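Have the coordinates open and follow along.

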Amino acid sequence: MSIKDKLQKRIEENYKTKDNKSFAEYNKIFNFPKEYKMFKPHLDKINQIVILPYIIKSDNDPNTRVSKGDSQYVLNYRRHSGVGINNETVLCLNQTFRKPCPICEELKILYDDYEKNKNLIKNIKVKTRSVFNVLDLLSDNPEEVMIFDTGWWDINKKSGAFEPELMCEIVDPDTKEYVIFTDPSEDGYIVKFRAFEIAGEYKHNEYKAFRFEKRKYAIKKEILDKVLSLDEYLIVPKYDEVKNIFLGTENIENKQDDDYLEKANEFPKQENKKSNLCPHGHTFKKDVDTTDDCIQCTEWEKCSEVE
Ligand SMILES: [Zn+2]
């Protein structure tokens, strides 16, 4: 079985066993403080939020036009979801930071036979997201800073994604001036919009009917002090870390470490021979690709090397 077939088998298995575990549980993109809640748009009301500005404090904002010390209100990033045996969500290093991304590399191969691989491609292809600090004025605590992480897709399609729809409205048609909706002073705005749940294979929200209403009050300093510099919480993984999640080797490696420790305690050290390097008890190099254990084996690359 080639590496491509192995990957495809893995992806297919993951695709079939997708479960409903929460965003936070498998989100490996941000390490926001636990006390911060995610904002969930109201589907039955006209939403009223305040989008809060923050100062960029690191070199991790993917937007190349901004840098440390600049004022910002949104962090746009690109991610792969449904990745690995745990359906994890990981940052796309290629399309977020123009660095090599192992998942994009695999996608290139899958695109060679698009018809055959289209479901797999749809599952793991890059998706763009926007993150904001917001106040939900309809919530029980309208002074609580919350995180809003939402999908972003082609602005030209006017597809109902949050940020493109918001951007369509930021020029005042009468004065032709920009609406500085993130201004925390009394000149700032409340952002109003409707959210609609779109059912189907990929349930998501679409956003329409944006308008800005003058707020006429300043945001309190103690609220602004709680706004997160989103760039500081972005986890930028290493190439090999993404690869491990993708190939499902992360947990297996940990498990093997545990197994190894158990065995080390059980037997005298000299019995931990390295004569057979196959972690599953098959014959190293001889039995390669002949058993199901080979599919997720951490030693596969070495085992399959031609000497
Ligand atoms: Zn990628």
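Two strands count as paired if DSSP finds at least two bridges between them. Helices (H or I, at least four residues) and strands (E, at least two) are DSSP runs, numbered from the N terminus. By that rule, S1 and S8 run antiparallel and are joined by three bridges, with Asn47 standing opposite Phe193 in S8. S1 also pairs with S6, again in the antiparallel sense, over four bridges; there, Val50 has Leu135 of S6 as its bridge partner.

Some housekeeping before going further. This is a predicted model, in which local features need pLDDT of at least 70 and side-chain atom pairs count only at pLDDT 80 or more, while totals for chains, interfaces and linings use all residues. Residues are numbered from 1 along each chain as its sequence is written.

**The overall picture**

The protein has 10 helices and nine strands. A residue is called buried if 20 or more other C-beta atoms lie within 10 Å of its own, exposed if 12 or fewer, and partly exposed in between, with C-beta atoms placed from the backbone. On that count, 20% of the 307 residues are buried. Two residues are in contact if their C-beta atoms, placed from the backbone, lie within 7 Å. Among contacts with a separation of 6 or more, 61% are between residues 24 or more positions apart.

**The core**

A nonpolar core here is a set of buried Ala, Val, Leu, Ile, Met, Phe, Trp, Tyr and Cys residues joined through C-beta atoms within 7 Å. The largest one holds 37 residues, and Leu52, Ile103, Val134 and Val242 touch the most other members. Elements giving two or more residues to this core include strand S1 (47-52), strand S6 (127-136), strand S8 (189-198) and helix H8 (239-247). What does Leu52 touch? Leaving out residues up to four places away in sequence, its contacts include Val134, Leu135, Val145, Ile219 and Val227.

Over in helix H8 sits Ile245, which is buried, with 24 other C-beta atoms within 10 Å. Ile245 and Val83 are 162 residues apart in sequence, yet their C-alpha atoms are 6.9 Å apart in space.

**Helix H4 and its partner**

Helix H4 (residues 102-111) has Pro102, Ile103 and Glu106 as its buried residues. Seen down the axis of H4, these fall within an arc of 95° (taken from the directions from the helix axis to the C-beta atoms), so they line one face of the helix. Turned away from that buried side are the exposed residues Lys108 and Tyr111.

H4 packs against H5 at an angle of about 155°, their axes 8 Å apart. Axes are lines fitted to C-alpha atoms, for helices over the stretch in contact, and angles run from 0 to 180 degrees between N-to-C directions. Angles under 35 degrees count as roughly parallel, over 145 as roughly antiparallel, 65 to 115 as roughly perpendicular and the rest as oblique. H4 and H5 are therefore roughly antiparallel. Where they meet, H4 brings Ile103, Leu107, Leu110 and Tyr111, and H5 brings Tyr114, Asn117, Leu120, Ile121 and Ile124.

Most residues other than glycine have a negative phi.
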